[in-house]
Amino acid sequence: METVSVKDVGRHEGEEIQLKGWIHTKREKGKIAFVVMRDGSGFIQIVLEQEKLEPEQWNQLHEASLESSIIVRGLAKSEPRAPGGYEIHASFLEVFHTTKDWPLGRKEHGIEFLEDNRHLWIRSKRESAILRIRNTIENAMIQFLSDNGFYRFDTPIITTAAAEGTTTLFEVDYHGDKAYLSQSGQLYAEAGAMALGKVYTFGPTFRAEKSKTRRHLLEFWMIEPEAAWFQYEDNLQLQEQFVTYIVKRVLSENEADLSILERPLEPLQKVEPPFPRITYTDAVDLLKKNGFDVQWGDDLGSPEETFLANYFDKPVFLTHFPAKIKAFYMQPDPENPDVVLAADLLAPEGYGEIIGGSERIHDYDLLLQKMKEFNLNEEQYQWYLDLRRYGSVPHSGFGIGLERTVAWICKLDHIRETIPFPRMLHKLTP
Ligand code: 4AD
Ligand code: MG
């Protein structure tokens with residue numbers, strides 16, 4: 001007998017079907033038992049009557065505690081009162097493996113206990129909903145870029161040069177040579193854009209962050225589009241369409257998961273281009289007026305970002321940062337070279353930065369001068385300078401942090417729940 005996924009049960013109403021999964025909850029009432037079973041795709045209620053099962057099967061059910069693995073056959077019936085709208089009236093049950101003491105039972109557990117049991121915690125209703133939404137977001141990102149003519153271009157994880165500053169590099173011993181885990185695939189994606197026009201890289205990136213915050217992981221996934229001939233404005237418009245597409249896909253594909261998370265939908269439904277924009281300079285004035293102690297030239301911290309992200313009810317572009325607080329490769333604004341043609345996209349509801357992007361310097365002499373100002377080892381960047389030696393063109397790109405995006409769309413308090421196995425300060429297992 002073919003096995004049906006819980007999410008597809010509706011298509012088999014009135015049929016005798018087989019499901020395979022795990023016991024999520026169990027309630028016994030004399031000669032009848034109600035099991036909510038999960039199979040990863042969803043949850044469904046199974047009604048089991050003693051008289052319809054073999055005595056052996058009924059006993060197995062009695063012994064099995066939460067998270068025992070089971071195979072069920074029965075009639076799929078519409079039941080408006082059941083979660084999901086369907087239930088199964090069982091005619092057969094096999095407890096494939098009996099769980100004795102499920103460590104994550106009903107009672108409230110502290111976060112440390114849950115983190116230590118992350119390999120089990122991901123089975124919970126809430127965590128699995130988040131991970132299904134993450135899956136939709138990843139698919140949507142790839143689909144959008146593919147539909148818009150971007151080629152996937154995979155960049156190395158082991159690298160020799162810093163892309164995003166030298167303070168957060170993870171060092172690797174490369175058989176005696178010094179190497180680093182990639183902080184960003186961008187510099188290589190720029191080479192890709194000169195070869196293929198429009199590319200994106202999507203992979204894990206690493207930052208040896210020393211602080212413990214609800215927004216930082218030491219290993220996170222980033223998707224980085226990069227396009228030849230794209231200028232600052234093209235880049236921002238692409239981001240608006242991209243983020244809007246992602247949110248719409250989640251709204252249409254993960255209704256049940258958003259409801260498990262009790263995620264209010266209205267703020268997501270508002271996400272439509274154009275997004276508001278505010279320059280760094282205006283943002284500093286706004287912050288000062290609201291009692292923040294910031295000066296022009298300061299890097300804005302979490303509280304400042306949270307304020308700005310709450311001030312607007314859509315994602316907002318924070319633009320034209322002082323050159324000296326941003327990366328070496330950013331194109332100065334021709335109207336004011338103290339600021340760069342860069343923008344961060346801040347997610348609303350207090351979430352803050354989910355995207356960092358910019359137009360890149362395409363002039364050889366200017367790039368070299370910037371590298372000197374930033375004290376970079378020129379030797380390591382000769383291949384990168386080659387991109388400005390041979391047919392250089394204006395180009396732009398951005399990087400969106402997958403986990404920050406998941407945290408916002410799911411409205412989570414902490415980034416630790418957005419990835420199957422988070423890597424955080426002093427947290428390396430499981
Ligand atoms: O702003 P960042 O550092 O930009 C870059 O890496 C550029 N090279 C991107 C580009 O233009 N191609 O990082 C981009 C995004 C941030 O906006 C944030 O969403 C995410 O990556 N990010 C992190 N996410 C989780 N934990 C961390 N420690 C992160 N650091 C950055
Ligand atoms: Mg940034």
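1. Glu 79 touches Gly 85, Tyr 86 and Glu 87, leaving out residues up to four places away in sequence; contact here means heavy atoms within 4.5 Å. Glu 79 sits in the loop that runs between strand 4 (69–78) and strand 5 (86–97). Helices (H or I, at least four residues) and strands (E, at least two) are DSSP runs, numbered from the N terminus. With a relative accessible area of 14%, Glu 79 is buried. The term buried means under 20% relative accessible area, exposed means over 50%, and partly exposed is in between (1.4 Å probe, protein chains only). A polar atom of the Glu 79 side chain lies 2.9 Å from the backbone nitrogen of Arg 81.

2. On the basis of the note: this is a predicted model, in which local features need pLDDT of at least 70 and side-chain atom pairs count only at pLDDT 80 or more, while totals for chains, interfaces and linings use all residues. Residues are numbered from 1 along each chain as its sequence is written, chains are lettered from A and ligands numbered from 1 in the order in which they are written, and side-chain values use heavy atoms, with hydrogens and water left out.

3. As to the overall picture, the protein has 13 helices and 18 strands. Its C-alpha trace spans about 85 × 55 × 40 Å along the principal axes. Of the 430 residues in the protein, 52% are buried. Among contacts with a separation of 6 or more, 67% are between residues 24 or more positions apart. The protein exposes about 20,500 Å², and carbon and sulfur atoms supply 50% of this area; accessible areas come from the Shrake-Rupley method with a 1.4 Å probe, and for residues only the protein chains shown count as cover.

4. Glu 67 is buried, at a relative accessible area of 7%. Once neighbours within four places in sequence are set aside, Glu 67 is in contact with Trp 22, Ile 23, Arg 38, Thr 99, Trp 102 and Arg 123.

5. The largest nonpolar core has 44 residues, of which Ile 137, Phe 242, Val 243, Ile 400, Trp 408 and Ile 409 touch the most other members. Elements that each supply at least two residues of this core include helix 4 (125–147), strand 10 (198–206), strand 11 (219–228), helix 6 (232–253), strand 18 (395–401) and helix 13 (402–410). A nonpolar core is a set of buried Ala, Val, Leu, Ile, Met, Phe, Trp, Tyr and Cys residues joined through side-chain atoms within 4.5 Å. Phe 242 touches Met 141, Phe 144, Leu 145, Ile 223, Phe 398 and Ile 400, not counting residues up to four places away in sequence. Another core, of 37 residues, lies apart from the largest one, and its members include Tyr 180, Tyr 280, Phe 312 and Leu 346. In soluble globular proteins, nonpolar side chains tend to be buried together.

6. Nonpolar residues also occur on the surface: Ile 157, Ile 158 and Tyr 174 form a nonpolar patch there, with about 270 Å² of accessible area together. Ile 157 is located in the loop between strand 6 (151–152) and strand 7 (158–159), and it counts as partly exposed because its relative accessibility is 32%.

7. Val 172 belongs to strand 8 (residues 171–174) and is partly exposed, with a relative accessible area of 21%. Apart from neighbours within four places in sequence, Val 172 is in contact with Asp 177, Lys 178, Ala 179, Tyr 180 and Leu 181. Val 172 and Thr 160 are 12 residues apart in sequence, and their C-alpha atoms are 9.7 Å apart in space.

8. Some backbone details deserve a reader's attention. The peptide bond from Pro 273 to Pro 274 is cis, with omega near -5°, and Pro 274 lies in the loop between helix 8 (266–269) and strand 12 (277–279). Thr 429 and Pro 430 are also joined by a cis peptide bond, with omega about -5°; Pro 430 is in the segment after helix 13. Trp 229, although not a glycine, has a positive phi of about 70°. Trp 229 is in the loop between strand 11 and helix 6 and is exposed, at 61% relative accessibility.

Conventions. Patches are made of residues with over 30% relative accessible area and no salt bridge: like charges are joined within 9 Å, nonpolar side chains (Val, Leu, Ile, Met, Phe, Trp, Tyr) within 5 Å. A salt bridge is a side-chain nitrogen of Lys or Arg within 4 Å of a carboxyl oxygen of Asp or Glu. A polar contact is a pair of N or O atoms within 3.5 Å; within protein, one must be able to donate a hydrogen and the other to accept it, and residues adjacent in sequence count only if both atoms are side-chain atoms.
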